[in-house]
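User: I'd like to learn how to read metal sites and aromatic contacts in a model. Could you walk me through an example?

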Amino acid sequence: MKVTLLGTGTSQGVPVIGCSCEVCRSVDYRDKRLRVSVHLQVNGKSIIIDSGPDFRQQVLRERIRTLDALVFTHEHKDHTAGLDDIRAYNFSQHKDMPLYGEERVLEQLKREFAYIFSGIQYPGIPRVELNPITEEPFEVEGVRFIPIRVKHYKLPVFGYRVGDFTYITDANYISEAEKEKVRGSKVIVLNALRQEPHISHFSLQEAVELLEDLQPERAYLTHISHLLGLHREVELTLPDFIRLGYDGLQIEV
Ligand SMILES: [Zn+2]
Ligand SMILES: [Zn+2]
Ligand SMILES: [Zn+2]
């Protein structure tokens, strides 16, 4: 399986509009973070988790020519705003795009993208196929996904395990029972917002402690704010098996 980090930034991205802090002014390409998303190439299938506002730019940058499905972690705008741009795949692949998410998330998509679901097939609008999921494992084009239930302050969110890879974003709590589903993963991508604690995201220290407990071979941090610090400086503070993710990073699992 090949995993590509399409974006590793928090909801505002990095740099932040109007900010002149040293991270936002950094010329290091690793300090430029689009909104979070990840591309999986597995068993010949091409699957993306979340379609944030930078979706178009990300799939162009990575030259993702085919897309078999989109899987959502939750309904926040930084994870869904790019949905309109799946039209390009409708046109090139001549089929509806399968979307996977829990019922609550799909209902929110229906509200925010009402024109897609109005029943009026205006020429050129996105065409989607909704696949509601629960806490049970499910298959996306023959690829097995195990949902990992995490909490994002009070909002239940799904992380996903696919084979030896686990992707968790927008979490600040995971129960012992859910941790068991993650254990044994060789690679984990986990959210870490900033140095200071936050109401709905793991801080850097909380993420490191969780990863030390879960013990993957390698881990990468994502959903990063400009408040975390400069990429090259923060990495020096981390245990060897944990690295900061950056946009475009490719991971073989
Ligand atoms: Zn988010
Ligand atoms: Zn800044
Ligand atoms: Zn969120």
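User: What makes the arrangement around the zinc ion (ligand 3) irregular?

Analyst: Start with the angles between donors: four donors count as tetrahedral only if all angles lie between 85 and 135 degrees. In this predicted model, the four donor atoms around the zinc ion (ligand 3) subtend angles of 91 to 174°, so the arrangement is irregular.

User: Which residues coordinate the zinc ion (ligand 3)?

Analyst: The donors are NE2 of His-74, ND1 of His-76, NE2 of His-152 and OD of Asp-170, at 2.2 to 2.3 Å. Along the chain, they follow the spacing H-x1-H-x75-H-x17-D. His-76 and Asp-170 link distant parts of the chain, 94 residues apart. His-76 is in the loop between strand 4 (69–71) and helix 3 (77–80), while Asp-170 is in the loop between strand 10 (165–168) and strand 11 (173–174).

User: Are His-76 and Asp-170 buried or exposed?

Analyst: For this, look at relative accessible area, where buried means under 20%. Asp-170 is buried, at 2%, whereas His-76 is partly exposed, at 34%.

User: What does Asp-170 bridge?

Analyst: Asp-170 bridges the zinc ion (ligand 3) and the zinc ion (ligand 1), and these two ions lie 3.4 Å apart.

User: Let's turn to the rings. How many aromatic pairs does a search of the whole structure find?

Analyst: The search finds seven. One of them is Tyr-100 with Phe-138: the centres are 5.8 Å apart and the planes are at 20°, a stacked pair. Tyr-100 lies in strand 5 (residues 97–102) and Phe-138 in strand 7 (residues 138–140), so the pair ties together parts that are 38 residues apart in sequence. Tyr-100 counts as buried at 9% relative accessibility, and Phe-138 counts as buried at 11%.

User: Why is the pair of Phe-145 and Tyr-160 edge-to-face?

Analyst: Compare the planes: over 60 degrees apart counts as edge-to-face. The planes of Phe-145 and Tyr-160 are at 70°, with ring centres 5.7 Å apart, so this pair is edge-to-face. Phe-145 is in strand 8 (residues 143–152) and Tyr-160 in strand 9 (residues 155–162), so the pair ties together parts that are 15 residues apart in sequence. Phe-145 is buried at 0% relative accessible area, and Tyr-160 is buried at 1%.

User: Which residues do ring pairs link into a cluster?

Analyst: The cluster holds Tyr-100, Phe-138, Phe-145, Phe-158 and Tyr-160. Phe-158 also has Arg-149 over its face, at 4.0 Å from the ring centre.

User: Where does the charged end of Lys-77 sit?

Analyst: The charged end of Lys-77 sits over the ring of Phe-113, 5.6 Å from the ring centre.

Technical notes
Residues numbered from 1 in each chain as written. Chains lettered and ligands numbered in written order. Predicted model: local features only at pLDDT ≥ 70, side-chain atom pairs only at ≥ 80, totals over all residues. Heavy atoms only, no water. Donors = N, O, S within 2.8 Å, 3.2 Å for Na, K, Ca; no water. Tetrahedral: all angles 85-135°; square planar, octahedral: opposite > 155°, others 65-115°. Helix = DSSP H or I, 4+ residues; strand = E, 2+ residues; numbered from the N terminus. Buried < 20%, exposed > 50% of the residue type's maximum accessible area, 1.4 Å probe, protein only. Phe/Tyr/Trp six-rings, centres within 6.5 Å; stacked < 30°, edge-to-face > 60°. Lys NZ or Arg CZ within 6 Å of the ring centre and 35° of its normal.
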